[in-house]
Each structure stands twice: as structure tokens, then as C-alpha cells.
Amino acid sequence: MTQPTPTPIACILGPTASGKTAAALALAARRPVEIISVDSALVYREMDIGTAKPTAEERARVRHHLIDIVDPADAYSAAEFRTDTLRLVGEISARGRVPLLVGGTMLYYKALTQGLNDLPTADPEIRAALDADALRDGWPALHARLAAVDAVTAARLAPNDSQRIQRALEVFMVTGQPMSALLAAPTRTDDAALPWRFVPVALEPSDRGVLHARIAARFDAMLAGGLMEEVERLRARGDLHPGLASMRCVGYRQVWEYLDGGGDFSTMRDKGVFATRQLCKRQLTWLRSMPERVVVDCCAPDATERVLQVVEGVIAG
């Protein structure tokens, strides 16, 4: 007995400022689409400006999922994203509508399509201890500590990449094994055979300089639109701190440091733009590791129309 052919599900993926939202909204004007966000920053409530969250008007036009589902004091994992997305794809399809995945958190997409590694969940006590060590000795010292137990992971991380250094050390302290070894192990999936086939449509730049200019312009627009005030409101809650995943999001981290007295406004702005460029670089590295992706040049003047043509073809099967 042959298995039924999996239904193709289009996934518009790309780095920050590549035009994913514009393409998704344009498709929603043609098709009965519901958007599932593939973005680890959009899950947080009260974080609207610095995450470039879809506006209230855009969310009124087309239903969005996995946005504003977590408080900034809490965490949301790739495993939870996978579970939620598989459920949502089923529910949207059952309503006779078209599920469309849109975003740039490639770890989420990898977890969805390739399964999960057996990595431990976050340990608040270990993280607090590592934060204290970093405050005393600095993150480069913890990077050196990581190099002693997991040279492979340390080699791909910058000495000040606090989030990833902390996670790699945490994994080693919990499991006694290097994170690189655990990531190299076969992934596990909870599904014998999914009824869907996820098709990545990648918005990638033919000219990185064009994307860099968009990134700078967008960060400046965020600052002009109230990003500083948004971070001030979050700080005023009293239960948030720079070690949280939410406050490590690009833009929020740099503004928080500035509000703590770390440098002048111009330096903060430049750090925010640079961090966004680095994020973009990582996103493109992830994308280019997917040989099955369909590439659309996000610098092309008709990029949105090209994406729509590809996605329409995917939906048609």
C-alpha cells in the first residue's frame, strides 16, 4: 500500500530586511492564507518595534500565528515551535485555508524539517552561575573555558558571543558531553511520516551591500519609531535582565547596554546595525546549507512578484 503524496507547504525564508513580510502579505491578497511566523523574536509580547512585528492593520488583514505568545521573562524553544507548527499546519489545512511559513529563524526551520537533537533544556541555576562568572571574568574567559572542553563549538563562536558560549557550556555541564558531539548525532523525530512536505523559498541578496543599506535604514527607523522607549518600558518592569533570551535579541541588547551607561548614542546605533548584519550573515549561511531551496534575489525590483510565482507553484503542487 503506497503512502499518500505529502502536501507541499511553502516557507518564505530569508535574512532580516529581505522582504519576507511584503511577499507574504501580497500572497494573502490572492489566496486564503494564514501565516505561521518562523521568528524567535516575534513570539514575545511587548516587543513590537525592535522585532519589526507585523502591524495591527497587517494582522487584521491576514491571520498570523506564533506572535505574542510568550512573556519576555519566559523562554520558547525550537521543540515547542515544532510541536506548535505541526499542529497549526493541520488546523489551518482543515479549515480549507493555506498555511504559509514566514521568517528567518533557521534553527526553528531545521527543527521542524529535520527533527531535534537530544540537547538538554535550559538550567536556570547553571545559567545564573555562568552569568556571574562572565560578570567577574568576561565572556572571552568563558570562551577559553569552552575551548578546553568543546574546541569544535568554540572555534565557530566569537569570544563575546555570550548567548552561544553560555548555551554550549551549559550543555557540557548538564550532559558531560560537548555540544558539537550531540549536534552531530542523528536527530530524532516524533513522526513516522508527516503528511506535509515543507518547501523553502529563500530570499537572498545578489548584492550584500543592498541588504546592508536596508538594515541600517530599518534600524534607524526603529530608533526613530520608539525603540529606546520600548526598551525603557521593558526595563521598568523590574523582572527582566540582559541574560534573558528576549533581551538578547538584536537591537534590544544594544539599547539595554546603552541605557546602562555603555557608550554614546552613535556607538549604540552602530553596534545595533553591526549586530543585525552579523545576524543576516548567519541566516544566509543556514540558507545556503539547504540545497533544496528555491532562491529568489531579494535585491531584484520584482522580488515580491517572483516569490509569489514560486509559492503559487508550490501550492499548486
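Let's start with a pairing: strand E1, residues 7–13, runs parallel to E4, and three bridges join the two. One thing to keep in mind throughout is that this is a predicted model.

Now look for the contact point between those strands. Ile-12 stands opposite Val-102 in E4.

E4 has another neighbour. Strand E2, residues 33–38, is joined to E4 by six bridges, and these two strands also run parallel.

Val-98, Leu-100 and Val-102 point one way. Pro-99, Leu-101 and Gly-103 point the other way. All of them are buried.

Next, the annotation. An unreviewed UniProt entry places the feature "binding site" at Thr-16, Ala-17, Ser-18, Gly-19, Lys-20 and Thr-21. I'll take two of these residues in turn.

Thr-16 comes first. Thr-16 sits in the loop between E1 and helix H1, which covers 20–28. Is Thr-16 buried or exposed? Its relative accessibility is 11%, so Thr-16 counts as buried; the cut-off for buried is under 20%. What does Thr-16 touch, leaving aside residues up to four places away in sequence? The list is Leu-211, Ile-215, Arg-218, Thr-276, Cys-280 and Gln-283.

Then Lys-20. Lys-20 belongs to helix H1. With a relative accessible area of 13%, Lys-20 is buried. Again, skip residues up to four places away in sequence. Among the contacts of Lys-20 are Ile-12, Leu-13, Gly-14 and Pro-15. Lys-20 also touches Val-102, Gly-103, Gly-104 and Leu-203.

Here the two parts of the talk meet. Lys-20 touches both Ile-12 and Val-102, and Ile-12 is the residue standing opposite Val-102 in E4. Lys-20 also touches Gly-103, one of the buried residues of E4.

Note on methods: Residues are numbered from 1 along each chain as its sequence is written. This is a predicted model: local features need pLDDT of at least 70, side-chain atom pairs count only at pLDDT 80 or more; totals for chains, interfaces and linings use all residues. Side-chain values use heavy atoms; hydrogens and water are left out. Buried means under 20% relative accessible area, exposed over 50%, partly exposed in between (1.4 Å probe, protein chains only). Helices (H or I, at least four residues) and strands (E, at least two) are DSSP runs, numbered from the N terminus. Two strands pair if DSSP finds at least two bridges between them. UniProt positions are given in the numbering used here, feature names are shortened, and annotations may be inferred rather than shown by experiment. Contact means heavy atoms within 4.5 Å.
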